[in-house]
Amino acid sequence: MSDTPFGFGLPPEEPENGDEGKKKDPTEGGQSAGGMGNPFGFGPGAGGDNPFAAMFGSMNPNDLGAAFQQLGQMLSYEGGPVNWDMAKQIARQTVSQGTPDGTKDASVGPSERTAVDEALRLADLWLDGVTSMPSGSVSTVAWSRAEWVEATLPAWQQLVDPVAERVGLAMGDVLPEEMQAMAGPLIGMMRSMGGAMFGQQIGQAVGTLAGEVVGSTDIGLPLGPAGKAALLPLNVERFGKDLSVPQDEVRLYLALREAAHQRLFAHVPWLRSHLFGAVEAYARGIKVDTSKLEDVVGQFDPSQPEQLQDALQQGMFQPEDTPEQKASLARLETALALVEGWVDAVVHEAAKSRLTSSDALRETMRRRRASGGPAEQTFATLIGLQLRPRRLRDAARLWASLTDARGLEGRDALWAHPDMLPTAHDLDDPDGFVHHEQADFSELDKMLGEAAKGSGKDKPKAPEADAGDQGESKGDDEDGKGGPDQ
């Protein structure tokens, strides 16, 4: 990611003629040889009394029209908390620039599409023997980075909007009530620009992440359309570049992970809403650093909108130090760990006897998920949350032990309801969870049947109440857990 990832000037589209993208002659456009001269020709240097330099910084004159157009979009935006049109535009521009190693995005060719389709279909066949869940892939697709951006923006909108909404409300709340009526136009302008700033940052982060991901489920959440298993051939190649592993094995291993995620999200109908709801619940407990926002409001200068940008970039979010917020974070981290741990366990079981490098690929993926990339750090700043399974290894061991103790069906049956899943406490004591007295679901069915018939004077307690009590106790168990990956 660049040092100034959220600047106002839109990066230029990647030129079709490579020579057009090279540095211009020092005499062209009024720039010095270093490219940092006066961008507008108003005398020497880019600073001084030039009012445009403060707003736009050093900029090629060819980009001036785009910069003013972007400023107009900021001031005129009247939509939700994030300007998603701008986010999409910035993301696609970021993708067109390529990754720091010089890899440029490219359309997926027929041979690459065929290779991805075959890998995903073979992966589904291998998974049939290691999980009781049937295939969750309705179709397979090979995406370019730009296509990944288009396909995943709706999911990012669902993740980010709750936090951005809090910032928009906070912008009006920081002023005294008696001043809010008089400052109405200013507040409206700031909210419009705040939506644009969020759009810029989200677009930059999504565009950068598009250069890192290998499929649609890399962060443990289903970002793409339901039932569509996807790989990005260009990023798959980059993933295996320095691993000394045959490319076919790399592709197959990543296809196994993508196909396993698809099965889980397709056949556990409550899981998607559970995860996204957990993110939203955590976001509701985030408070905005009003002191920082008050400083921005008090010194706001419409000619220097980068003040809002800097505040957002540095992060204004602080998790509330309450038992409810800690429990919310623990539940989210545990849920992410359980998803990734289940995928890790079933993929390892499917690959260990078929791919000679499966152990090395497994460890590489575990470390990648534990450390995250620069774009994930950006999202941590934006929404105050790192979407990483901190206890992936613990969860994977637990799922493997459950397989040995209860078989495939017994293990996968735990996904029938969130209250049946292991908790953070169970990750601390996996043997205790695996070998404790298993729930007798035949008795539960019997109780439900008796309740429906109304038989007996002393009717059993309603199962719904039991489930609710159980859920509350599990929330307490998880409070404060979710330590770092071990």
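**Asking how we know**

Colleague: Let's start with Ser358. Where is Ser358 placed?

Modeller: Ser358 sits in helix 14, which covers residues 358-371. Bear in mind that this is a predicted model.

Colleague: What makes Ser358 buried or exposed?

Modeller: The relative accessibility of Ser358 is 3%. Buried means under 20%, so Ser358 counts as buried. Leaving aside neighbours within four places in sequence, Ser358 is in contact with Tyr253, Ala351 and Lys352.

Colleague: And the protein as a whole?

Modeller: There are 20 helices and four strands. Of the 486 residues, 48% count as buried.

Colleague: How do you know how the rings of Trp399 and Trp415 are arranged?

Modeller: The structure holds two aromatic pairs. In the pair of Trp399 and Trp415, the ring centres are 5.3 Å apart and the planes are at 15°. Rings pair if their centres lie within 6.5 Å, and planes under 30 degrees apart count as stacked, so this pair is stacked.

Colleague: Why say that the pair ties parts of the chain together?

Modeller: Because Trp399 lies in helix 16 (residues 392-412) while Trp415 is in the loop between helix 16 and helix 17, the pair joins parts that are 16 residues apart in sequence. Ring pairs also link Trp270, Trp399 and Trp415 into a cluster.

Colleague: Are Trp399 and Trp415 buried or exposed?

Modeller: Trp399 has 0% relative accessibility, so Trp399 is buried. Trp415 comes out at 2%, so Trp415 is buried too.

Colleague: Why is the contact of Arg263 with Asp128 called a salt bridge?

Modeller: Their side chains meet at 2.7 Å, N to O. The cut-off is 4 Å, so the pair qualifies as a salt bridge. Arg263 belongs to helix 9 and Asp128 to the loop between helix 4 and strand 1, so the bridge ties together parts 135 residues apart in sequence.

Colleague: Which residue does Glu363 form a salt bridge with?

Modeller: Arg393, with the closest N and O atoms 2.8 Å apart. Glu363 lies in helix 14 and Arg393 in helix 16, so that pair ties together parts 30 residues apart in sequence. Glu363 is partly exposed at 25%, whereas Arg393 is buried at 16%. Salt bridges that share partners also join Arg391, Asp394, Arg397 and Asp428 into one network.

Colleague: How many salt bridges does the structure hold?

Modeller: There are 19. Another one of them joins Glu150 and Lys88, at 3.1 Å, N to O. Glu150 is in helix 5 and Lys88 in helix 3, so this bridge ties together parts 62 residues apart in sequence.

Colleague: What is the mean pLDDT of the protein?

Modeller: The mean pLDDT is 74, and 57% of the residues reach 70 or more. Over residues 1-58 the pLDDT stays under 50, although the model has 85 contacts for them beyond four places in sequence. Residues 459-486 are below 50 as well, with 50 contacts beyond near neighbours in sequence.

Colleague: Why be careful there?

Modeller: Because where pLDDT is low, the predicted coordinates should not be read in detail.

Key: Residues are numbered from 1 along each chain as its sequence is written. This is a predicted model: local features need pLDDT of at least 70, side-chain atom pairs count only at pLDDT 80 or more; totals for chains, interfaces and linings use all residues. Side-chain values use heavy atoms; hydrogens and water are left out. Helices (H or I, at least four residues) and strands (E, at least two) are DSSP runs, numbered from the N terminus. Buried means under 20% relative accessible area, exposed over 50%, partly exposed in between (1.4 Å probe, protein chains only). Contact means heavy atoms within 4.5 Å. Rings of Phe, Tyr and Trp (its six-membered ring) pair if their centres lie within 6.5 Å; planes under 30 degrees apart count as stacked, over 60 as edge-to-face and the rest as tilted. pLDDT is the predictor's confidence in each residue, from 0 to 100.
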